[in-house]
Amino acid sequence: MSVEEKVRGYILDNFLFTDDQSELSSEDSFMEKGIIDSSGILEVIFFLGEEFKVQVEDDEMVPENLDSVNNLVAFVEKKTK
Amino acid sequence: MCGIAGICNISSSESITEQKLAAMIDMLYHRGPDGKGFYVSQGIGLGHARLSIIDLDTGKQPIHNEDKTVWVTFNGEIFNYIELRDELRKKGHKFYTTTDTEVIVHLYEEYGDGFVSHLNGQFAIGLWDTKRKKLVLVRDRVGIVPLFYKQEAGSLIFASEIKAILAVTNEKPRLNPYALDQLMTFWSPVSPNTVFQDIYELSPGQLLVLENGKISKSNYWDWQFPESEDEYSSAGVDDLADKLHELLVDATKIRLRSDVPVGAYLSGGLDSSVLTSLIHHYSDVPLRTFSIGFEDAKLDESSYQKEMIKHLGADHSTIKCSNSDIADNFQKTIWHTESPVLRTAPVPMSLLSGLVHKQNYKVVLTGEGSDEVLGGYDIFKEAKIRQFWARNPQSKFRPILLKRLYPYLDLSKGQAYLQNFFGTAIQTPDLLWFSHLPRWETTARCKDFFSSDMKAQLNNDAIDRIAETFPSSMSNWHAFNRSQYIEAKSLMGGYLLCSQGDRALMSNSVEGRFPFLDHRIIEFANRVHPKHKMKVLNEKYLLKKAESRYLPKSIINRYKQPYRAPDIPAFFSSKGSPEYVHALLSKEKIADYGYFDANRVERLIKKINRGMAIGYKDNMSLVGILSTQIWHHTFIENNN
């Protein structure tokens, strides 16, 4: 399973409680769409650690890294190079 | 408190029997276990379940005037009844009881429908004028005492609780989907809606008249705030504090009037500490207090309670609430609330009233209302910071003030996310509901779980329509006052005084009394400038100034802790879940009742079982879904 499939699957299952792929596009902003709130972002960070062994530093907790499927995938790929 | 019920024919000619009224009153036994009474005449029937508090011997209701042309069934208390009775006697009225209830019929004779403006109290009233064949229903100014009604087959049916209406209705009860949509946004349906289709509440401060086959409603009171700076009181802050103290002393004293012993809730917070101090210093009533504590140390306030008990020398009883207590009592609580809830907090409040009842007390004073009237909630502070931030939305420093409000927030971590949450509507700070938008949008995420059928029925977003319920003058009010109004009318009126207030108290036949909600205090406080209510970010500043001399400094300066009870952990633990939770959250039951998407709920439960459901949304969603399922099971599926 690709990084994108894993990330999409997690967001859909954990925050949208569905497996309907049409409910989330890879560009959707989690904040603007209200998918993830401030406590939810901690869940995403746990997920990155557990699934990809990616440790998120304080200065990396920015929307550019975490606020969409595309951003998360790019962030994971950068951190696991 | 008591329970009232009645039926009044509008166009029906069906006779109203005492048996039918008794079926209604029997459903209200918990509100009034000390006796029942009925008045039946052509086209009208009034019923009453009595909780004896004043005039234990001759206070049986319904009560009438001198020539039995005016009858009343009454739930509540008229705290200024002694003064009113003296005035009415001087005008020649003859009393046959020493109750507070009897002043109502004589006041009506004197002032007609205007009688209600003379009352200082908490009440739901059903009054019948035999000469005019006229029914008057009235509810108190802020909504302490409930009153519901339904029009059916040419009759108006009314009662203190909906279950009494369900006892005689010929229509099968069903959910009002718009009301559930509102509840899952604002924590309660918007008045007059209830979650039952075609059953309404009489709104706080409202009077309903049924005469000549026509029903008319009017508002006799509402929260009003200055529309310009010069309408605020010009008195200095010291004088304002003195006046507030004077009003609080009187509001408390008249709420100690009773022919049975009166106790008080003591949470350890500022408001209950103020109240218990006032009782201690300004009355001869022995100080008897009650509190609840939690196993979870994060939610527990026992240390502050102990400090106040020591300070005042109170005779105190406390009860510890465990997670399993909440799960074990949740179904019963929903029978009392008659409404889904988003938090489990009403359950411990019911356990607390149970403790009061066991100690043979029927009446307690509580500090509820102080936060709304005198500016205590975090949401007011939060809005103030967001307003300040909105003046310079690009500022990186202004949102740091949020840390003053939520010290546990680590703004160095995930700052963008926190700023996004609190920055909601920051581009539109003049929005009337600016203060409440973050809360409402967060709560509304619960609706993601609605089934496609439910979503299809809901055309409009609840938030978009809320402005229809606001007074036209609101746009001229100070932003702080707007948030006070919204809080008082939505969360306080719709949830805190109902599910977490009256229903939790009356589930054990205990009457709550609310000195901070004395209308004289509200009217005074509404003319106090917001800068005196919240000085910079110091909440309830005027109250602290007025009462600090009576309280330990640690209570005055303590960090304000919201009352919370465990939510998800109450129902899911390493020991498993209660059988009813399994049954009502099963895919089959979720699909059968039809309100929620069974697959999404299943995924939420899996997430909970993985120990990953930690956020507000997950907690509120689970409690909201479970309580809706219980509500349906209790009132729709098993309604007999």
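Chain B comes in three pieces by the domain assignment: domain 1 covers 3–219, domain 2 covers 229–373 + 507–557, and domain 3 covers 568–637. Before going on, note that this is a predicted model. The centres of domain 1 and domain 3 of chain B, taken over C-alpha atoms, are 37 Å apart. Those two domains do touch: 6 residues of domain 1 of chain B and 5 residues of domain 3 of chain B take part in the contact.

Now chain B as a whole. Its secondary structure amounts to 28 helices and 17 strands. Of the 640 residues in chain B, 54% are buried. As for contacts in chain B between residues at least 6 apart in sequence, 72% of them join residues at least 24 apart.

Next, the cores. As background, nonpolar side chains in soluble globular proteins tend to be buried together. The largest nonpolar core here has 184 residues, and the members that touch the most others are Ile104(B) and Leu137(B). Which residues does Leu137(B) contact, once neighbours within four places in sequence are left aside? They are Ile125(B), Gly126(B), Leu147(B), Tyr149(B), Phe158(B), Leu202(B) and Leu208(B). There is also a second, separate core of 16 residues, with Met31(A), Ile41(A), Leu48(A) and Val69(A) among them.

Two of those names, Ile41(A) and Leu48(A), bring us to helix 2 of chain A, where they are buried along with Gly40(A), Glu43(A) and Val44(A). Viewed down the axis of helix 2 of chain A, the buried residues fall within an arc of 150°, so they line one face of the helix. The face turned away from that buried side carries Gly49(A) and Glu50(A), both exposed.

Helix 2 of chain A runs over residues 40–52, which is 13 residues, and at 1.5 Å a residue it should span 18 Å. After helix 2 of chain A comes Lys53(A), with a positive phi near 55°.

Key: Residues are numbered from 1 along each chain as its sequence is written. Chains are lettered from A and ligands numbered from 1 in the order in which they are written. This is a predicted model: local features need pLDDT of at least 70, side-chain atom pairs count only at pLDDT 80 or more; totals for chains, interfaces and linings use all residues. Helices (H or I, at least four residues) and strands (E, at least two) are DSSP runs, numbered from the N terminus. A residue is buried if 20 or more other C-beta atoms lie within 10 Å of its own, exposed if 12 or fewer, and partly exposed in between; C-beta atoms are placed from the backbone. Two residues are in contact if their C-beta atoms, placed from the backbone, lie within 7 Å. The expected span of a helix is 1.5 Å times one less than its number of residues. The arc is that of the directions from the helix axis to the C-beta atoms. A nonpolar core is a set of buried Ala, Val, Leu, Ile, Met, Phe, Trp, Tyr and Cys residues joined through C-beta atoms within 7 Å. Domain bounds come from an automatic or database domain assignment.
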